[in-house]
Amino acid sequence: MAQTNLTTKEIHCKVLYLGAQGVGKSTNLQNIYRNSSAEYKTGLVTISHGALDDQYYEFLPLSMGYVQGYHIKIHLFTLPISNYYPVSEQILLKDMDGLVYIVDSQTENLTDSIDYLFDVQNRIQEFNPEAHTLPQIYQYNKRDKDSCVSLDVLQKTFNLNGVPF
């Protein structure tokens, strides 16, 4: 649920970008940052975890302006593929306001995306039992590749709740 600070008159919303390694989570945040107006963005932050090159978080805070005197801030995060840092993961998964599942559409990578989705859904359920009620987006990446699975198959495999894609 969005966090409201009545003293500072701010509303903070947290959206997580999830997906197996190499599906495009970081690329999504980088493109949002690159294409956002300077008045809305403050910077793209990458938090590295030392020797584990593929284990890092990215954070993109965006200002969405004011509504009835409250400053609306959207915080976009990527979630690393594994949970080497369970406390950090718990903080990200708790109290989130939306999910973007990134899926690699290529046949050869479909199993990785399926495995990741089921694993991360179990972890989400542990820290946020009401996550199934949150807004969700399924983004099917790499549709320009020759070995893409049909959208119908992707929808039946990943989008079991029938949310728009």
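The model is predicted: local features need pLDDT of at least 70, side-chain atom pairs count only at pLDDT 80 or more, and totals for chains, interfaces and linings use all residues. Residues are numbered from 1 along each chain as its sequence is written, and side-chain values use heavy atoms, without hydrogens and water.

**Nonpolar core**
- The largest nonpolar core has 38 residues, and Leu18 and Ile124 touch the most other members.
- Such a core is a set of buried Ala, Val, Leu, Ile, Met, Phe, Trp, Tyr and Cys residues joined through side-chain atoms within 4.5 Å.
- Elements that each supply at least two residues of this core include strand S2 (10-18), helix H2 (86-93) and helix H3 (110-127).
- Helices (H or I, at least four residues) and strands (E, at least two) are DSSP runs, numbered from the N terminus.
- Beyond four places in sequence, Ile124 touches Leu18, Leu93, Met96, Leu99, Tyr101, Pro129 and Ala131.
- Contact means heavy atoms within 4.5 Å.

**H2 against H3**
- The axes of H2 and H3 come within 9 Å and cross at roughly 75°.
- Axes are lines fitted to C-alpha atoms, for helices over the stretch in contact, with angles from 0 to 180 degrees between N-to-C directions.
- H2 and H3 are therefore roughly perpendicular (65 to 115 degrees).
- Glu89, Gln90 and Leu93 in H2 meet Arg123, Ile124 and Phe127 in H3.

**Ser26**
- Ser26 sits in helix H1 (residues 25-35).
- Ser26 is buried, at 17% relative accessible area (buried means under 20%, with a 1.4 Å probe and protein chains only).
- Outside four places in sequence, Ser26 contacts Tyr56, Glu58 and Thr78.

Note on methods. Buried means under 20% relative accessible area, exposed over 50%, partly exposed in between (1.4 Å probe, protein chains only). Angles under 35 degrees count as roughly parallel, over 145 as roughly antiparallel, 65 to 115 as roughly perpendicular and the rest as oblique.
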